[in-house]
Amino acid sequence: MSNSNRRDAIKSMSLGALLLGGPAKAWAAPDAATEAAPITWAKGVEGQRRADLGNGTFLNPIMAGDHPDPSILKDGDDYYMTFSTFDAYPGLIIWHSTDLVNWQPIGPALTQNIGSVWAPELCKHKGRFFLYIPTKKTSAAGSKTTSWVIWADDIKGPWSMPIDLDLPNHIDPGHAVGEDGSRWLFLSGGDRVRLSEDGLRRVSEPEHVYDPWHYPEDWDVEGFSPEGPKVTRHGNYFYLILAVGGTAGPPTGHMVIAARSPSINGPWEQHPRNPLVRTTSIKEKWWSRGHATLVEGPAGDWWGIYHGYENGYWTLGRQTLLAPVTWSKDGWFDFGGGDLSLPIRKPKAGPPQPHGLALSDDFKTDKYGTQWNFFNPTPTESGRVRRQDGVMHLAAAGEAPSSGAPLVFVTGDQAYEIECEIDIDPDARAGLLLFYDQQLYCGLGFGEKAFVTHQYGIERGRPANPYGRRMHMRLRNDHHIVSFHTSADGQVWKRFDRGMEVSGYHHNVRGGFLMLKPGLYAAGQGEARFKNFKYRAL
């Protein structure tokens with residue numbers, strides 16, 4: 001059935017019928033679904049949006065904010081998931097769930113800066129956990145692309161030091177075990193490479209094994225770019241799932257395709273209904289949907305995990321989406337959920353677990369790595385942070401956020417505000433930021449005598465600072481409209497006379513596949529002290 005026929009078919013179905021299920025082919029929501037009265041999310045801690053609606057249904061995303069390239073592992077009754085963390089370190093935070101909808105962080109698996117982390121693979125083999133990690137690192141000597149592996153006997157760690165697999169021409173490794181017990185990494189471009197029995201080195205050169213399905217030439221895409229291969233063994237077949245069409249660019253570009261083979265060695269038969277997931281209209285809620293993995297649900301049902309950009313919110317990065325999967329009599333699978341703009345029945349599981357992480361921080365417990373990350377840190381960057389008596393001491397670095405790594409975190413809300421009490425040494429500067437990368441950020445900082453406004457990744461006006469070396473500062477991002485307030489005591493606030501608009505601070509403008517993250521910085525000499533950091537979704 002074509003995409004247009006699917007949309008026509010769904011127009012006769014009620015929301016109740018959607019929630020009850022039905023054939024996967026009838027799940028696609030009409031374009032009008034996004035334009036109807038909005039269906040909103042539940043509110044979690046600090047008002048953060050939460051997918052679980054509390055009535056047996058959920059509304060995507062299951063992981064709001066920058067959680068791209070999801071890699072999910074089912075281990076008994078537990079599910080573990082991690083995502084691309086790019087230049088944020090500590091990175092590769094492991095999340096845990098028992099119902100696929102509600103997730104809580106365990107902690108970071110990667111502490112050493114080995115480059116910008118793209119599309120990792122989390123797997124378990126013979127009782128040991130592995131993370132295969134593609135990276136790109138840019139230095140004065142040029143750029144280096146490779147893939148690494150780290151391992152742990154407990155998902156909570158400790159994780160090993162990274163081992164370089166020397167794969168300079170590929171990204172997105174997907175682990176697979178053949179019918180004979182051989183271990184493989186499937187790679188971008190339809191290639192694969194054999195691993196040693198312990199999974200810690202490659203024992204062959206990459207070889208081409210699959211020619212991915214190609215979309216019609218008149219489709220609006222970013223580029224062919226076969227990537228994100230994931231292999232699932234089910235019944236008598238190995239199923240190979242890939243993304244094509246490019247990760248960003250036109251909203252209709254990214255898509256999910258699949259093939260199958262009775263052997264890990266091929267030949268691979270194309271899915272007759274490719275593409276299985278694709279945004280077909282800019283009116284849809286989720287754009288650039290792709291990079292999918294199949295996972296068996298708690299009750300033996302099947303689900304697909306993939307990512308997408310939220311319509312109008314490229315700034316939040318690619319967010320993690322969950323869709324039902326059904327298997328047909330011909331041995332193929334299909335994704336349901338339509339454009340994912342409507343609630344979907346939750347996987348059948350026990351009582352829901354808590355979801356998410358409180359982003360306010362009294363600095364009495366260590367949230368470094370779980371919440372706070374440095375952007376592209378040096379090997380000694382973690383030594384800049386010290387907590388004592390409810391105060392975070394941050395040593396100054398560089399002259400501005402462009403030359404000194406800020407501390408940032410992921411949020412999934414479309415509107416929010418952050419607030420903190422800050423005091424600085426005489427030659428230091430500090431403040432609050434919305435940070436994409438070292439060349440694109442905005443915010444407000446202050447030194448002892450003057451404010452400093454940050455916009456478009458540069459330092460602009462420096463009006464007089466009447467507060468001296470200590471003040472309360474608030475940053476509000478209200479659907480991309482940014483404002484600042486300052487206060488001497490945290491009670492009486494004054495609006496700062498500089499507003500900003502940040503809807504263009506995203507990948508399709510700057511590149512990098514990142515998100516616009518709230519954060520803190522300290523520059524100049526000495527240190528800044530941060531106290532009572534508050535986060536609130538609006």
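In this predicted model, the strands β23 (286-296), β24, β25 and β26 make up an open four-stranded sheet, ordered β23-β24-β25-β26 and paired in the antiparallel sense, where strands are DSSP runs (E, at least two residues) numbered from the N terminus and two strands count as paired if DSSP finds at least two bridges between them. Because β23 and β26 (333-335) stand at the edges, each with a single partner strand, one side of each is left without a neighbour in the sheet. From one strand to the next the twist averages 30°, the angles being taken between N-to-C directions, on a scale from 0 to 180 degrees, of lines fitted to C-alpha atoms. Seven bridges join β23 to strand β24 (residues 302-310), again in the antiparallel sense, and tryptophan 286 stands opposite glutamate 310 in β24.

Strand β16 (residues 191-195) is paired with β17 in the antiparallel sense over two bridges, and the bridge partner of aspartate 191 is histidine 208 in β17.

Residues are numbered from 1 along each chain as its sequence is written. Local features of this predicted model need pLDDT of at least 70, side-chain atom pairs count only at pLDDT 80 or more, totals for chains, interfaces and linings use all residues, and side-chain values use heavy atoms, with hydrogens and water left out. The mean pLDDT of the protein (the predictor's confidence in each residue, from 0 to 100) is 93, and 93% of the residues reach 70 or more. Over residues 1-35, however, pLDDT stays under 50, and for this stretch the model has 55 contacts (heavy atoms within 4.5 Å) beyond four places in sequence. Where pLDDT is low, the predicted coordinates should not be read in detail.

Grid points are joined across faces, edges and corners, and a volume is the space filled by probe spheres set on the points. Of the 42 residues that line the largest cavity, Ala64, His67, Trp95, Val410 and Thr411 lie nearest its centre. The largest share of this lining, four residues, comes from β7. By class, the lining has 22 nonpolar, 14 polar and six charged residues, with Ala, Val, Leu, Ile, Met, Phe, Trp, Tyr, Cys and Pro counted as nonpolar, Asp, Glu, Lys and Arg as charged, and the others, Gly among them, as polar.

The largest pocket has a volume of about 770 Å³ and is lined by 28 residues, with Asp87, Gly115, Ser116, Phe375 and Asn376 nearest its centre. Its lining divides into nine nonpolar, 13 polar and six charged residues. The second largest pocket, of about 650 Å³, is lined by 22 residues, of which Leu73, His175, Val231, Thr232 and Arg233 lie nearest its centre. Elements that give two or more residues to this lining include β14 (174-177) and β23, while the largest share, five residues, comes from β10.

Key. 1 Å grid on protein atoms, 1.4 Å probe; cavity = no way out; pocket = protein on both sides within 12 Å on 5 of 7 lines; lining within 4 Å.
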